[in-house]
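This report describes a single protein chain for a reader who has its sequence and its model at hand. Please keep both in view while reading.

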Amino acid sequence: MAQAELLLLEAVGDLAEVADVAAPPAHLAVAALLGPFLVSYTRARGEGLGVTGMDIGAMQRPERTVLLGLGIAFSPIFALVFPSWTQPWMTVAALGIIAVSSVFTTLRRFGHVHRSLIARAPPPP
């Protein structure tokens, strides 16, 4: 395995240990943190293998940034309207959407790379 892949797996393991002892919103935060790394990694590996059209997916970086910013901005407003909320639920919802869309995007890009490489492979003799 390449050094970069080992470092990525080590970081995933470290963040999984942190999430294991944390509350459920922290699990979403870890997933929302890891997901975009996997999206970028899948794109870089695909482009490195010569696969084109790697700009597919549900959310790119600007959309994730805007969504998280809106979630953070509206959490205090909703906390004023709904005083019984003890968590910043708008931020938690934004993190959940980012986590799910990142997994979806990673799987789509992985499938795209896989199909492209199979189509390029020479037929067996």
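Helices (H or I, at least four residues) and strands (E, at least two) are DSSP runs numbered from the N terminus.

Side chains of opposite charge can pair when their charged atoms come close. Between R43 and E47 there is a salt bridge, and the closest N and O atoms are 3.1 Å apart. A salt bridge is defined as a side-chain nitrogen of Lys or Arg within 4 Å of a carboxyl oxygen of Asp or Glu. By this rule the count is one salt bridge.

## Basis of the model

The model is predicted: local features need pLDDT of at least 70 and side-chain atom pairs count only at pLDDT 80 or more, while totals for chains, interfaces and linings use all residues. Residues are numbered from 1 along each chain as its sequence is written, and side-chain values use heavy atoms, with hydrogens and water left out.

## Overall architecture

The protein has four helices and zero strands, and its pattern along the sequence is α-α-α-α. It contains 125 residues, of which 26% count as buried. Its accessible surface comes to about 8,200 Å², and carbon and sulfur atoms account for 72% of that area; such areas come from the Shrake-Rupley method with a 1.4 Å probe, and for residues only the protein chains shown count as cover.

A contact means heavy atoms within 4.5 Å. Among contacts between residues at least 6 apart in sequence, 70% join residues at least 24 apart.

Helix α2 covers residues 24-48 and includes G35. Is G35 buried or exposed? G35 is buried, because its relative accessible area is 5%. Leaving aside residues up to four places away in sequence, G35 touches S102 and T106. The C-alpha atoms of G35 and F104 are separated by 9.2 Å, although these residues are 69 residues apart along the chain.

S40 is another member of helix α2, and S40 is partly exposed because its relative accessible area is 32%. S101 is found in helix α4, which spans residues 89-120. With 9% relative accessibility, S101 therefore counts as buried, and S101 touches A58 and M59, again not counting residues up to four places away in sequence.

Helix α3 has 21 residues and reaches 30 Å from its first C-alpha to its last, close to the 30 Å expected at 1.5 Å a residue; the expected span is 1.5 Å times one less than the number of residues. At S75, α3 bends by about 30 degrees, and the proline P76 follows within four residues. The bend is the angle between axes fitted to the seven residues ending at a residue and the seven starting there. Within α3, R64, G71 and S75 are buried.

V66, L70, F74, I77, L80, V81, F82, W85 and W89 make a nonpolar surface patch of about 880 Å². Patches are made of residues with over 30% relative accessible area and no salt bridge; like charges are joined within 9 Å, and nonpolar side chains (Val, Leu, Ile, Met, Phe, Trp, Tyr) within 5 Å. Helix α3, residues 61-81, gives the most to this patch, with six residues. W85 lies in the loop between α3 and α4, and W85 counts as partly exposed because its relative accessibility is 31%.

Conventions. Buried means under 20% relative accessible area, exposed over 50%, partly exposed in between (1.4 Å probe, protein chains only).
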